[in-house]
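User: Hello! I would like to go through a protein model with you, one question at a time.

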Amino acid sequence: TAAAKPAPAAKKPAPSPAAGWFQVPSDVYLHPGHTWAKLLADGTVAVGLDDLAHRLVAAERTSVPSVGAHVFQGDAAIDLTATGKRVSALSPIDGTVVAVNTNRDDADAYGAGWLFKVKPSRLAANLRQLHQGAEARLLVDDAAAILARRANPEMAQVLQDGGAPVHGIAAALAGDDWDALAREILRS
């Protein structure tokens, strides 16, 4: 009897030209709508926009819930305004807002760029709906791939050569309809 030939090794898919465009630290939990939650030592949870959301919209104005307001996972909680248009971002967690960052640094999306802090009401249930580590990286890379596919041919060539999207990528890709693209990516 003839020995069975080994099956050819599965070919790994080529990495997306968009992979690695956006940062995702290991200590945050990501919502599919590109907001994050970070557990803090005092039992509260910091909430912010991920790196992709910051660069996607390049908000001129950001509105967040007031201290004492209740937020719910998956509901609109953050309003982003640019060029006279507004899009919403979703809360990654349920709870009561206990602090608002009035001195945020949008250049530090996962640090000094936090938007508000929440006293969580259903933390364990909420965390099961969020992504961390490799899952979070995949979530962001998938959204970046959507942006890369929407790029015009000239832009795609530049991005494949190592470029990265700048702030306001939704407007660069969709022009006056940037808000529709932002809503698609932010799932709002």
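Predicted model: local features only at pLDDT ≥ 70, side-chain atom pairs only at ≥ 80, totals over all residues.

What follows is a set of questions and answers on the structure shown above.

User: How many helices and strands does the protein chain have?

Analyst: Helices (H or I, at least four residues) and strands (E, at least two) are DSSP runs, numbered from the N terminus. On that basis the secondary structure of the protein chain comes to 6 helices and 9 strands.

User: What percentage of the residues of the protein chain count as buried?

Analyst: Buried means under 20% relative accessible area, exposed means over 50%, and partly exposed is in between, with a 1.4 Å probe and protein chains only. The protein chain has 188 residues, and the part that counts as buried is 43%.

User: Among contacts between residues at least 6 apart in sequence, what percentage join residues at least 24 apart?

Analyst: Contact means heavy atoms within 4.5 Å. Among the contacts of the protein chain between residues at least 6 apart in sequence, the share that joins residues at least 24 apart is 64%.

User: Are helix α3 and helix α6 roughly parallel or roughly antiparallel?

Analyst: Axes are lines fitted to C-alpha atoms, for helices over the stretch in contact, and angles run from 0 to 180 degrees between N-to-C directions. The axes of α3 (residues 134-150) and α6 (residues 178-186) come within 10 Å and cross at roughly 155°. Angles under 35 degrees count as roughly parallel, over 145 as roughly antiparallel, 65 to 115 as roughly perpendicular and the rest as oblique. The crossing angle therefore makes α3 and α6 roughly antiparallel.

User: Which residues of α6 make the contact with α3?

Analyst: On the α3 side, the contact is made by Ala143, Ile146, Leu147 and Arg150. These residues and their partners divide into 5 nonpolar (Ala, Val, Leu, Ile, Met, Phe, Trp, Tyr, Cys and Pro), no polar (the others, Gly among them) and 2 charged (Asp, Glu, Lys and Arg). The α6 side is made up of Leu181, Glu184 and Ile185.

User: What length does α3 reach from its first C-alpha to its last?

Analyst: The expected span of a helix is 1.5 Å times one less than its number of residues. With 17 residues, α3 comes close to the expected 24 Å, its own reach being 24 Å.

User: Is Ala58 buried or partly exposed?

Analyst: Ala58 sits in the loop between α1 (51-57) and β4 (61-63), and it has a positive phi of about 50° although it is not a glycine. Its relative accessible area is 27%, so Ala58 is partly exposed.

User: Which residues does Ala37 touch, not counting those up to four places away in sequence?

Analyst: Ala37 has its place in strand β2 and counts as buried because its relative accessibility is 0%. Ala37 and Gly48 are 11 residues apart in sequence and 6.9 Å apart in space, C-alpha to C-alpha. The residues that Ala37 touches are Val28, Tyr29, Val45, Ala46, Pro92 and Leu130.

User: Is Thr102 buried or exposed?

Analyst: Thr102 is in the loop between β8 (95-100) and β9 (116-120). Its relative accessibility is 68%, so Thr102 counts as exposed.

Notes:
Residues numbered from 1 in each chain as written. Heavy atoms only, no water.
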